[in-house]
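Please look at the sequence and the model below before reading on.

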Amino acid sequence: MEKLTYTFPANRPIQRKTHVGVVGSGDLEILLEPTKGEETVVEIRTGITGYSDTWKRVIERFMAQQQILASITINDFGATPGVVSIRLAQAAEVSMNG
Amino acid sequence: MVSTLPVSLVESKARERAQAILDEGSARELLGPFDRFESPHLEAQNIVPQSDDGMVIMKGTIHGRPTLIISIEGNFQGGGIGEVSGAKFAGALEKALEDCQNGNLIYPVIIYDTGGVRLQEANYGLLSIAEISSAIVALKEYVPVVGIIPGKIGSFGGMSLTAGLCSALVMTREGRLGMNGPEVVEQEAGIQELNSKNKQFIWEMIGGKGRLKSGLVDRVVEDDVPNYIEAIESVWSNPTFANRTLQYEEFLSMLHELSLDGKIDPSVSRTLLQNRTKVNEIKYDTSNGKTASRGRTWFNVLTDHAPSISQAPTVLVADKEQDGKKFRYIAVVPDEGNKFYRARHGEFGLVEAWTVAKYVREAVEEDAGSKEKRVIVPIVDVPGQAFGYHEELFGIYLACSASVEAYATARQQGHPIVTLVVGKAISGAFLSHGMQGNRILAFDDDQVQVHVMSKKSAALVTMRTVEELEEFAKTVPSMAYDVHSFKSLGAIHELLQGINADLPSNEQLQQVKESIQSATNDILQTTDRSLRIRLQSPEAIEKGRKASIAVRNAINSQWK
């Protein structure tokens, strides 16, 4: 298991806390919670070690597109970067529809 | 009316399932993902936890009726029950029971999708399942408890015992119900016993349709949400139940007639199960001598070598007066001649489970009118439940539910139950014979072991090596096999020191009798007939059940 943390400046506060996904084979769960301040902190726990570069790129791309201000928790059970991106987009969309 | 596609429960996640069944807008989740009640035991084993520990608890209504939904997430750790998920399940049922006792009926619906105990937390699963079982038995006095097994996993292991306790069971054709999963039966008994890869045969054997045709479940529905709701509603509006767990005479008669010379086909077993009836005279073959075992030794010395009143040679039962109190001792023992060849070495099989149920029930009935309820002492020396093809085919899960329910009922009706662990106390066998006791006594002895699955099978299921499992067990006491580790979880009332478990001296026997007597007095001092005391011991509070207690407190404050 590996723990990763990334921090980004952000300016679009989410409207409501959001939970998507499960920590099941090839999937992950994402929790978005409103946060004060101007930084989005992404905390990741993943069962697959050695992919921090890939995670960084996936999260950076997501943040560049969405800019959402939230506290983000990710519990991953071997999701592919594609699945991660889709889940993140899904979570972001739900969290913005207050 | 717009026609819509079916809404599948099989394809949905646990949370979606609960929401889909409850009236729109009525659902309120307790201890949801944002409350972060995750397993404290997984990270230490390099496993990523889930924020709800794979257990969804939701209150709401179905057609306006207050409902509690407990929905297990099969995608997280195979729906395995760990400390937190187990405490959420048991704690919610305990609150529902409290409501019902106060006249506010709330109707529990359990949506199963589970392989049983989560092997990474092992004995926590065992403790939780005992508490869940106890709560279901108590709740049934007030409201029907409905179980739904949509699939894909189905319901297995210790959790299938709780499914067997439900007032009514609804399945789909995709769902499966059994005690030992096919892979584990194959691992323990060999491929000639059962080929777990033969999927079509497995579904014939333990799938929803086969179980329905065997008269073991109540409904099989097509996988669409309105069908489940209709099935639940029909259970509620017509509360006449099959009460299969009370049919020990019928099951024992049927099992006695079986010939196990060849494999019995599922199509044959369905007819036998469907037509089960009580036969008046059952005569077992008792000619195969009396294989020595610790269970037999302790039964003999504690009853002063009283003859067993039980028909089955593998279950010893006798009543004995001591210091003005009546005790019923029950032991499960080996029999090399057992027709059920997977239960020859003291395993808890079909006949053993139904027989234990019978003699516990009989004590309850005989003492029903009396204020003085006899003490029941399960003597535990059971290397596990029987892993076999016929065991699964004929519903060993239900047989075990029956003995669990008999003990739980006896305890709840005021029989003090003092469990005496003299040897192995393994898995479903211990759940069915011992774990429902008010107090558990155990010998401090190397041969006394408590766990949920053999190391080999546990390694297979968790995709680890036996060495890795042993390494984890050093830091996660619930995974260890020794009695000291089990005691650190807080459920053992007394660990008896210095007893020669195989050849006790008179002084040692006296010491054991005194401990049973003092545990009995301890039980009779209060009016509490629940298993709550396991959460109140110093070990439990300090460390062993910390999360179990925290979860219950949180349920309490969120319940409303």
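Which residue does B:Ile69 stand opposite in E4(B)? In E4(B), B:Ile69 stands opposite B:Val109.

This is a predicted model, in which local features need pLDDT of at least 70 and side-chain atom pairs count only at pLDDT 80 or more, while totals for chains, interfaces and linings use all residues. Residues are numbered from 1 along each chain as its sequence is written, and chains are lettered from A and ligands numbered from 1 in the order in which they are written.

**The sheet of chain B**

Strands and helices are named here as DSSP runs, numbered from the N terminus, with at least four residues of type H or I for a helix and at least two of type E for a strand. Two strands pair if DSSP finds at least two bridges between them. In chain B, an open sheet with mixed pairing is formed by seven strands in the order E1-E2-E3-E4-E5-E6-E7. Strand E1 (28-30) and strand E7 (219-220) of chain B are at the edges and each have a single partner strand, so one side of each is left without a neighbour in the sheet. Within chain B, strand E3 (residues 65-72) and strand E4 (residues 107-111) are paired in the parallel sense over five bridges.

**The sheet of chain A**

Chain A has an open sheet of five strands, whose order is E1-E5-E7-E4-E3 and whose pairing is mixed. Neighbouring strands of this sheet are turned against each other by 10 degrees on average, direction ignored; here axes are lines fitted to C-alpha atoms, for helices over the stretch in contact, and angles run from 0 to 180 degrees between N-to-C directions. E3(A) pairs with strand E4 (residues 27-33) of chain A in the antiparallel sense over three bridges, and A:Leu32 in E4(A) is the bridge partner of A:Thr18.

**Helices on the sheets**

| Helix | Strands | Angle |
|---|---|---|
| H1 (residues 52-66) of chain A | E1 and E5 (39-46) of chain A | about 30 degrees to E1(A) |
| H2 (residues 81-96) of chain A | E3 and E4 of chain A | about 30 degrees with E4(A) |
| H1 (residues 14-21) of chain B | E2 (55-62), E3 and E4 of chain B | about 160 degrees to E3(B) |

**A helix pair in chain B**

Helix H2 (residues 83-101) and helix H21 (residues 546-559) of chain B pack at an angle of about 40 degrees, and their axes are 9 Å apart. Angles under 35 degrees count as roughly parallel, over 145 as roughly antiparallel, 65 to 115 as roughly perpendicular and the rest as oblique, and H2(B) and H21(B) are therefore oblique to each other. Among the residues that make this contact are B:Val84 of H2(B) and B:Trp559 of H21(B).

**Domains and chains**

Chain B is divided into domain 1 (14-180 + 219-244) and domain 2 (288-546), with bounds that come from an automatic or database domain assignment. The centres of domain 1 and domain 2 of chain B, taken over C-alpha atoms, are separated by 26 Å. In chain B, 30 residues of domain 1 are in contact with 36 residues of domain 2, and H3(B) gives the most to the side of domain 1 that touches domain 2, with twelve residues.

Between the chains, the contact takes 16 residues from chain A and 13 residues from chain B.

How values were computed. Contact = placed C-beta atoms within 7 Å.
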